[in-house]
Amino acid sequence: MTGEELVRRAEAAAANAYAPYSRYRVGASLLVRDGRVFDGVNVENAAYPLGVCAERTAIAQAASEGLRPGDLAAIGVTASPCGGCRQWLHEWRVERVFFRRDDGTIAEYAPGELLPDTWNLPEG
Ligand code: THU
């Protein structure tokens, strides 16, 4: 699947977003190395900070099926991932990240480029 195809799939998935507060629907489509795709959407809550982003619900779906960091080839997102999601994409080592820019073009990054010198849990 190309980055453009993944982002298009995420745009279709965004119709299922639960975003009654911001009215901003986000979709994310996560491509597994074996070809499976998990879709995620943002799911908001009346207690605003408890809402979750589309990238995280897609990763949580994959995790629930037993997938682990290293299994994930790419993600397509309808918009630029927030800082917290960038930390998730780093943790899950999603190899390529594609998202739709405001001008309509597709951005492509490695997670390390989206979050340079990333914080990691100190050893010991
Ligand atoms: N949102 C995402 O789903 N992903 C991001 O990376 C950025 C923000 C959602 C959270 C909230 O439901 C809505 O977009 C508005 O911030």
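Axes here are lines fitted to C-alpha atoms, for helices over the stretch in contact, and angles run from 0 to 180 degrees between N-to-C directions. The model in every view is predicted.

**View A. Helix α2 crosses helix α3.** Two packed helices are described by the angle between their axes and the distance between the axes. Helix α2 spans residues 54–64 and helix α3 spans residues 83–91. Their axes come within 9 Å. The crossing angle is roughly 25°. Angles under 35 degrees count as roughly parallel, so α2 and α3 are roughly parallel to each other. The crossing of α2 and α3 is left-handed.

**View B. Residues at the contact of α2 with α3.** Helix α2 contributes Glu55, Arg56 and Ile59. Helix α3 contributes Gly84, Cys85, Trp88 and Leu89. By class, the residues of this contact divide into 4 nonpolar, 1 polar and 2 charged.

**View D. Ligand oxygen distances to Asn42, Ala54 and Glu55.** An N or O atom in the Asn42 side chain is 2.9 Å from an oxygen atom of the ligand. For Ala54, a backbone N or O atom lies 2.9 Å from a ligand oxygen atom. For Glu55, an N or O atom in the side chain is 2.7 Å from an oxygen atom of the ligand.

**View E. Val37 in strand β2.** Strand β2 covers residues 37–41 and holds Val37. Not counting residues up to four places away in sequence, Val37 touches Met1, Arg9, Ser29, Leu30 and Leu31. Tyr48 is 11 residues from Val37 along the chain. The C-alpha atoms of Val37 and Tyr48 are separated by 28 Å.

Conventions:
Residues are numbered from 1 along each chain as its sequence is written. This is a predicted model: local features need pLDDT of at least 70, side-chain atom pairs count only at pLDDT 80 or more; totals for chains, interfaces and linings use all residues. Side-chain values use heavy atoms; hydrogens and water are left out. Helices (H or I, at least four residues) and strands (E, at least two) are DSSP runs, numbered from the N terminus. Angles under 35 degrees count as roughly parallel, over 145 as roughly antiparallel, 65 to 115 as roughly perpendicular and the rest as oblique. A crossing is left-handed if the near helix is turned anticlockwise from the far one by less than a right angle, and right-handed if clockwise. Contact means heavy atoms within 4.5 Å. Ala, Val, Leu, Ile, Met, Phe, Trp, Tyr, Cys and Pro count as nonpolar, Asp, Glu, Lys and Arg as charged, and the others, Gly among them, as polar. A polar contact is a pair of N or O atoms within 3.5 Å; within protein, one must be able to donate a hydrogen and the other to accept it, and residues adjacent in sequence count only if both atoms are side-chain atoms.
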